[in-house]
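Colleague: I have a model open and would like to learn how to read it. Where do I begin?

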Amino acid sequence: MEDAELRVQLEQYHTLGYGWALTCCSRDRAEAEDVLQTAYLKIMDGRANYDGRASFKTWLFAVIRNTAADERRRHWLRHLRLDGFAGEREHDSQPAERGQRLEQSERSQVFQQALAKLSRRQQEVLHLVFYQDLTVQQAAAVMGVGVGSARTHYERGKHRLRETLRQTNHFHEYEWDRQ
Amino acid sequence: MNTNGTDNKFHQLFGELKSHDEQTAPAFGRLTRPASPVRSMPWPWLLPSAAAAALLVVGLSAGLFYARSHRLAFEEQQWAALSNWQASTDVLLTSAESSSASAVPDGNATNPQGIP
């Protein structure tokens, strides 16, 4: 794929890619931007090559997910080696996060809190299916797991999210089905 | 269980999240501009620490070398002084040697006084 074509494709999926990066980075905006930029650089300088085996979107999302995992490992190592550095970053991002929270509706906050209670894999598969409109099979390809495993995360994640939302008082209009 | 009902609710909730994210997404151009380093150096303390460690090693080596050469020179001087040293009683030993040698009677000598 040529550079110009690659740029067009990346731009086409940019907003969706950002949403996916947010999920991979536990909704941390600064982190998501870093991850997305690193993923774009990887793709543009040829460190990540699209071989056409999957759809471009599936491949791009897998690159973003792997980049986020690398970032998490780096953060973890940094945290171990330089105690307090990660804490400073957290402190830096707190005012921005507070601002964002004020902007968002309470309902949206509650939904995000409920999502945060799920395991990483459950969050990922639910995001890919309900936010990105992928099938469970496509989600499995992005996550690098088997379809059976993805389906299990999907079912358990849905069940847990429904139970968590049912316990809150913010979704009265939804009559959650009892399983 | 009405799975479709639950799925629709989830679609709706994720859709709300999606529209919020779309409003706050950064511009594509900002993230693909090569001269806009968003990330800072992974370990900003690494370079100064390495320089300090190198300086410490060089300083310690120089110090050890100086101390060793200084000690060798001192030892050399000390040994030179010891090899030339003479005790104050050495004179007595040499004078005693010469006087006793003269005082010891010689058995082979002839009787000078003619005693029988």
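Modeller: Begin with what counts as a contact: two residues touch if their C-beta atoms, placed from the backbone, lie within 7 Å. Keep in mind that this is a predicted model.

Colleague: Which residues of helix 7 and helix 9 of chain A meet?

Modeller: From helix 7 of chain A come Arg121(A), Gln122(A), Val125(A), Leu126(A) and Val129(A). Helix 9 of chain A supplies Ala150(A), His153(A), Tyr154(A), Arg156(A), Gly157(A), Lys158(A), Arg160(A) and Leu161(A). By class, that contact has six nonpolar, three polar and four charged residues.

Colleague: At what angle do helix 7 and helix 9 of chain A pack?

Modeller: The angle is about 90°, and the axes are 8 Å apart. Angles of 65 to 115 degrees count as roughly perpendicular. Therefore helix 7 of chain A is roughly perpendicular to helix 9 (residues 147-167) of chain A.

Colleague: How does helix 2 of chain A pack with helix 7 of chain A?

Modeller: Helix 2 (residues 14-24) of chain A and helix 7 (residues 120-131) of chain A pack at about 160°, with axes 10 Å apart. Over 145 degrees counts as roughly antiparallel, so helix 2 of chain A is roughly antiparallel to helix 7 of chain A. Their crossing is right-handed.

Colleague: Which residues make that contact between helix 2 and helix 7 of chain A?

Modeller: Helix 2 of chain A brings Gly19(A), Trp20(A) and Thr23(A). Helix 7 of chain A brings Gln123(A), Glu124(A), His127(A) and Tyr131(A). Sorted by class, there are two nonpolar, four polar and one charged residues.

Colleague: Now step back. How many helices and strands does chain A have?

Modeller: Nine helices and zero strands. Along the sequence, the pattern reads α-α-α-α-α-α-α-α-α.

Colleague: What share of the residues in chain A is buried?

Modeller: To count as buried, a residue needs 20 or more other C-beta atoms within 10 Å of its own. In chain A, 34% of the 179 residues are buried. Of the contacts between residues at least 6 apart in sequence, 61% join residues at least 24 apart.

Colleague: Where in chain A is confidence lowest, and where is it highest?

Modeller: Check pLDDT. Where it is low, the predicted coordinates should not be read in detail. For chain A the mean is 85, and 82% of residues reach 70 or more. Helix 7 of chain A is highest, at 96. Helix 5 (residues 85-103) of chain A is lowest, at a mean of 50. Over residues 86-93 of chain A, pLDDT is below 50. Beyond near neighbours in sequence, that stretch has five contacts in the model.

How values were computed:
Residues are numbered from 1 along each chain as its sequence is written. Chains are lettered from A and ligands numbered from 1 in the order in which they are written. This is a predicted model: local features need pLDDT of at least 70, side-chain atom pairs count only at pLDDT 80 or more; totals for chains, interfaces and linings use all residues. Axes are lines fitted to C-alpha atoms, for helices over the stretch in contact, and angles run from 0 to 180 degrees between N-to-C directions. Helices (H or I, at least four residues) and strands (E, at least two) are DSSP runs, numbered from the N terminus. Angles under 35 degrees count as roughly parallel, over 145 as roughly antiparallel, 65 to 115 as roughly perpendicular and the rest as oblique. A crossing is left-handed if the near helix is turned anticlockwise from the far one by less than a right angle, and right-handed if clockwise. Ala, Val, Leu, Ile, Met, Phe, Trp, Tyr, Cys and Pro count as nonpolar, Asp, Glu, Lys and Arg as charged, and the others, Gly among them, as polar. pLDDT is the predictor's confidence in each residue, from 0 to 100. A residue is buried if 20 or more other C-beta atoms lie within 10 Å of its own, exposed if 12 or fewer, and partly exposed in between; C-beta atoms are placed from the backbone.
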